[in-house]
Amino acid sequence: MNEEVVKYSTSAGIATITLNRPSKANTLRLELLDALDASLRRANEDAGVKVIILEGAGDNFCGGFDFSGGLEHYGPISEQDYDPGEDMRMVADHYLSYLPKFMGMWRGLKPSIAKVQGYCVGGGSEMALCADLVIASHDARIGTPYSRIWGCHLSGMWVYRLGLAKAKYYALTGEWISGEEAARIELINFSYPLEELDLKVRELAEKLTRIPLTQLSAMKLIVNQAYDNMGLQSTQTLGPILDGIMRNTPQGREFVRVAASGGVKEAIEKRDGPFGDYSQAPADKQPRKRSEIG
């Protein structure tokens, strides 16, 4: 891929990391995840940075993992010639797995803010929820359509951020949720009208820059440690292994075959059509496009 898949900039103590595949809904490929990891390292090593913002270019935050082309771009963890042992090794090894790259926002001790608009689904939601703070537009759509086929929770953050009743419901149904509702049930921190999102995220980041970095780091560390003590690491070991198994059930393989032969759109239509959500929802239920608000 020749495009600059992740952009990085700094201003007044704030590092902004932008997922930059807008024409593909910022879907995740290995090169994008490597670039994200490098950008998070850069921000954490920069003494002038106190706060990190993660955003998506264009109309969407992130549409999840890119499963076009039969997943050839994922190499050893693709469905072709699937080796369950190799899949386990890839997703459970800290140096090979994508999950530590999501968790760079959690493990680095500088506060991170995910700014969410449009679609934030599948692996995109797993990634966003690894940030310390998540702020979305009211009409953003957050969800785990992989709950229906071809996946499993990866980071566990859907579970740890919600109470049992809501966590179990969304795990079993895969239903989407608006940014406004996500804030109401405390999956995320806040939601705002799309027109105000950039400003509100910037205001929060600037507020945090007024606090000493050592203080921010200490407070982040103690909260993180409480969740680590609840078994976060073991959940994140099991989740990606189960995800690999679910990608390779008969139904999971058929999902990828349909995507490879008939296109991703056809596979999604078959998956979400009966539920009438995500791309199969009526136009008035779709998230607004940032490109249309000027």
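Here is a chat about strands, a helix and the nonpolar cores in a predicted model.

Trainee: Let's start with strand E3. Is it buried or exposed?
Mentor: Buried. Six of the six residues of E3, residues 51-56, are buried, so the strand is largely enclosed by the rest of the structure.

Trainee: Which way do those residues point?
Mentor: Val 51, Ile 53 and Glu 55 point one way, while Ile 52, Leu 54 and Gly 56 point the other way. Both sets are buried.

Trainee: OK, and which strands pair with E3?
Mentor: Strand E2, residues 14-19, pairs with E3 in the parallel sense over six bridges. Strand E4, residues 112-116, also pairs with E3 in the parallel sense, over three bridges.

Trainee: What do E2, helix H1 and E3 make together?
Mentor: A right-handed β-α-β unit, with H1 covering residues 30-45.

Trainee: New topic: helix H7. Which of its residues are buried?
Mentor: In H7, residues 164-173, the buried ones are Ala 167, Tyr 170 and Thr 173. Seen down the helix axis, they fall within an arc of 155°, so they line one face of H7.

Trainee: Why would residues three or four places apart point the same way?
Mentor: Because an α-helix has 3.6 residues a turn.

Trainee: And what's on the face turned away from the buried side of H7?
Mentor: The exposed residues Leu 164, Ala 165 and Leu 172.

Trainee: What do the buried residues of H7 pack against?
Mentor: Helix H6, residues 157-161, and strand E8, residues 177-178.

Trainee: Now the largest nonpolar core. How many residues are in it, and which touch the most other members?
Mentor: It has 51 residues, and Phe 102, Val 116, Met 127, Leu 187 and Ile 188 touch the most other members. H1 gives the most to this core, with five residues.

Trainee: What is Phe 102 in contact with, leaving aside its neighbours within four places in sequence?
Mentor: Leu 28, Leu 33, Phe 65, Gly 123, Glu 126, Met 127 and Cys 130.

Trainee: What about another core, apart from that one?
Mentor: There's one of 11 residues, and Val 51, Ile 53, Ile 113 and Leu 216 are among them.

Terms used:
Residues numbered from 1 in each chain as written. Predicted model: local features only at pLDDT ≥ 70, side-chain atom pairs only at ≥ 80, totals over all residues. Heavy atoms only, no water. Buried < 20%, exposed > 50% of the residue type's maximum accessible area, 1.4 Å probe, protein only. Helix = DSSP H or I, 4+ residues; strand = E, 2+ residues; numbered from the N terminus. Pairing = 2+ DSSP bridges. Right-handed = clockwise from strand over helix to strand, strands pointing away. Arc of directions from axis to C-beta. Contact = heavy atoms within 4.5 Å. Core = buried A, V, L, I, M, F, W, Y, C linked by side-chain atoms within 4.5 Å.
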